[in-house]
Amino acid sequence: MPVSTRVTEEESTPPEKPTNTPSPAAADEGGTDGAGGNPKEVDAPRLDLGAWALTALSATLVLAALLLPNSLAALRPNRFTRIPAEAIVGAALVLVLPRRPRVVVAATAGTALGVLTLLNVLDMGFREYLGRGFNLVLDWSLLDDAQSYLKDSMGEATTVAATIGVVLLAVLLVVVTALATVRLANVLAANRHQATTATLITGTVWVTCSALGLQLAGVPVASDRAASAVVVQADRVRDTLRDEAAFAKEARADTFGATPPGQLLTDLRGKDVVFAFIESYGRSAIEDPVMSPGVTRTLDTRTEALRKAGYSARSGWLTSATYGGSSWLGHSTFLSGLWIDNQQRYRTVTSGDHLTLTKAFKKTGAWDTVGIMPGVQKRWPEAEFYGLDKVYNAFQLGYEGPKFSWSTMPDQYALEAFERLEHGKKRDRPLMSEVILTSSHQPWAPIPKLVDWEDLGDGSLFDAVEKAGRNPRDVITSKTASREEYGKSIEYSVTSLTQWLERYGTDDTVLVFLGDHQPIARVSGEKASRDVPVSIVAKDPKVLDRIAAWNWTEGLRPAADAPVWKMNAFRDRFLKAYGSTPHPTKD
């Protein structure tokens with residue numbers, strides 16, 4: 001606690017009042033008088049409420065930063081009733097340092113603690129949305145995507161204001177934490193005797209609590225949270241750098257990489273094959289008590305409608321490589337047969353020539369290949385990696401209607417455009433298509449409504465639908481509303497896709513559709529799995545006979561005990577099931 005000190009020099013005839021007041025620097029260095037070298041005397045301290053309050057705030061900030069967890073689920077009062085080892089070590093260090101080195105060390109430590117606090121906050125956000133912590137090496141580019149998402153959901157003005165506010169708060173946090181640490185270091189040095197005693201006692205208590213494993217409110221009293229957080233971040237960086245070379249080697253080895261074209265997908269020749277991804281279509285949509293009633297009813301209704309149209313379906317579960325977002329990681333994992341769970345792996349594999357499932361169709365020379373990508377709004381060089389002859393992005397599908405938050409157009413319109421531009425045309429060869437449906441992308445407001453397919457036109461009729469929909473702000477800020485609207489969006493996407501198949505499919509159409517990942521944790525639930533449904537639908541019974549050994553569930557709704565595979569296992573199983581002969585390439 002800061003005090004106001006009055007120091008007097010010892011003289012043969014002491015003055016009635018103090019004659020000088022030395023600087024705090026002189027006081028905390030333990031100065032002596034100039035005549036005889038005797039210790040300076042300190043009068044009884046006077047309470048300075050302003051300085052005391054500032055010191056108390058500084059201590060609160062530093063202790064909170066040292067004890068801050070890195071997940072919202074752990075952000076509870078009991079996490080801040082612990083004794084941080086880092087504070088004890090820091091106090092011991094500043095007590096033995098001269099003034100200038102002490103200030104430098106305190107400022108450096110405070111700055112580092114401020115940065116660590118920002119990383120913990122980023123961890124919270126990434127765990128909430130993506131089910132994992134922030135990666136210092138890979139994830140900076142995702143902040144750009146977050147800004148774009150916010151702009152689409154909340155508007156440009158709100159996004160600009162939020163971005164400026166976040167940057168200013170981040171800088172302010174680092175600066176204030178550094179200043180607070182310097183102040184505490186100076187206060188400790190100015191009260192060296194009391195601070196030394198308190199540090200020794202606190203250190204002894206910490207060691208005792210650690211040795212005995214003592215807990216308070218369910219958490220250990222002795223904490224090394226900040227040090228552990230630094231270790232976690234360092235381990236992520238180290239593992240990321242090590243993984244780069246290992247994954248590059250893995251990507252070069254391919255079970256079907258050297259298979260001749262004539263030995264690929266021989267049992268699907270003549271079929272129009274569609275691979276469709278439904279954004280955020282996760283297991284929670286089918287099993288969560290809030291969302292499942294509407295979704296399961298839709299799946300059962302659409303199963304029956306397809307059955308009447310002559311189609312049969314089989315469904316199972318795949319464990320996605322991503323969670324809550326980064327859909328491209330799920331797409332690339334499913335199609336490449338490699339586990340792609342971060343941006344570095346994605347860049348590595350897409351810059352190479354690994355055989356994707358879609359590229360296998362092109363390699364045969366027996367199919368035309370096309371991509372329908374309403375979510376792509378900029379250059380997309382990955383088309384070559386996926387083996388797509390032609391790609392239609394958000395600006396090439398003829399849509400003149402409104403955006404629905406992040407989604408550039410309703411799924412129903414994208415599917416009708418697919419029919420008009422490619423699927424419905426007469427051609428010399430069958431068509432293999434990759435279709436990405438985006439209407440179930442967060443924030444799930446406003447959600448499009450199904451209209452008569454004949455009335456779709458250029459999409460202008462959706463102006464009224466978009467204006468009548470819910471405000472994204474109302475949904476984003478409510479967990480219950482987010483879950484309810486998410487379920488409705490899945491119902492819309494599944495219905496749009498299966499109605500398209502019912503309306504435009506033929507005896508030779510084969511539809512494979514799946515979710516790319518689970519929705520964010522506040523919707524899917526804490527500790528939710530990463531499983532997503534996957535279905536294969538066809539009229540030709542031979543198509544489904546080929547996968548009979550998979551033991552998938554009949555219909556569009558996979559049973560709770562249906563087989564669960566990792567998503568990267570699908571490519572090889574699919575290629576083998578439909579007549580492909582393995583010819584591995586090796587690194």
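Glu-287 counts as partly exposed, at 42% relative accessibility, where partly exposed lies between buried (under 20% relative accessible area) and exposed (over 50%), with a 1.4 Å probe and protein chains only. Its salt-bridge partner is Arg-283, and the closest N and O atoms of the pair are 2.9 Å apart. Arg-283, by contrast, counts as buried, at 10% relative accessibility. A salt bridge here is a side-chain nitrogen of Lys or Arg within 4 Å of a carboxyl oxygen of Asp or Glu.

A word on the ground rules: this is a predicted model, in which local features need pLDDT of at least 70 and side-chain atom pairs count only at pLDDT 80 or more, while totals for chains, interfaces and linings use all residues. Residues are numbered from 1 along each chain as its sequence is written, and side-chain values use heavy atoms, leaving out hydrogens and water.

**Salt bridges**

The whole structure holds 23 salt bridges.

| Lys-271 | Asp-540 | 2.7 Å |

Take the pair of Lys-271 and Asp-540, with closest N and O atoms 2.7 Å apart. Lys-271 lies in the loop between helix 8 (225-252) and strand 9 (272-278), and Asp-540 in the loop between strand 15 (531-538) and helix 20 (541-545), so the pair ties together parts that are 269 residues apart in sequence. Helices (H or I, at least four residues) and strands (E, at least two) are DSSP runs, numbered from the N terminus. Lys-271 counts as buried, with 8% relative accessibility.

Arg-427 counts as partly exposed at 28% relative accessibility, whereas Asp-368 is buried, with a relative accessible area of 17%. Through shared partners, salt bridges join Asp-368, Lys-390, Glu-422, Arg-427 and Arg-429 into one network.

**Helices**

Six of the eight residues of helix 21 (residues 570-577) are buried, so this helix is largely enclosed by the rest of the structure. The buried residues are Phe-570, Arg-571, Asp-572, Phe-574, Leu-575 and Ala-577. Just after helix 21, Gly-579 takes a positive phi of about 90°.

Leu-122 belongs to helix 4 (residues 99-130) and counts as partly exposed at 22% relative accessibility. From Leu-122 to Asn-135 there are 13 residues in sequence and 9.3 Å in space, C-alpha to C-alpha.

Val-175 is part of helix 6 (residues 156-190) and counts as partly exposed, with 42% relative accessibility. Together with Val-167, Val-171 and Leu-179, Val-175 makes a nonpolar surface patch of about 360 Å². Patches are made of residues with over 30% relative accessible area and no salt bridge, like charges being joined within 9 Å and nonpolar side chains (Val, Leu, Ile, Met, Phe, Trp, Tyr) within 5 Å.

**Cavities**

Three cavities of 30 Å³ or more turn up in the whole structure. On a 1 Å grid over the protein atoms alone, a cavity is a set of points where a 1.4 Å probe fits but cannot get out, and lining residues have an atom within 4 Å of a point. The second largest cavity has a volume of about 40 Å³. Its lining residues divide into three nonpolar, three polar and three charged, among them Arg-132, Trp-328 and Gln-343.

Technical notes. Accessible areas come from the Shrake-Rupley method with a 1.4 Å probe; for residues, only the protein chains shown count as cover. On a 1 Å grid over the protein atoms alone, a cavity is a set of points where a 1.4 Å probe fits but cannot get out, and a pocket is an open set with protein on both sides within 12 Å along at least five of seven lines; lining residues have an atom within 4 Å of a point. Grid points are joined across faces, edges and corners, and a volume is the space filled by probe spheres set on the points. Ala, Val, Leu, Ile, Met, Phe, Trp, Tyr, Cys and Pro count as nonpolar, Asp, Glu, Lys and Arg as charged, and the others, Gly among them, as polar.
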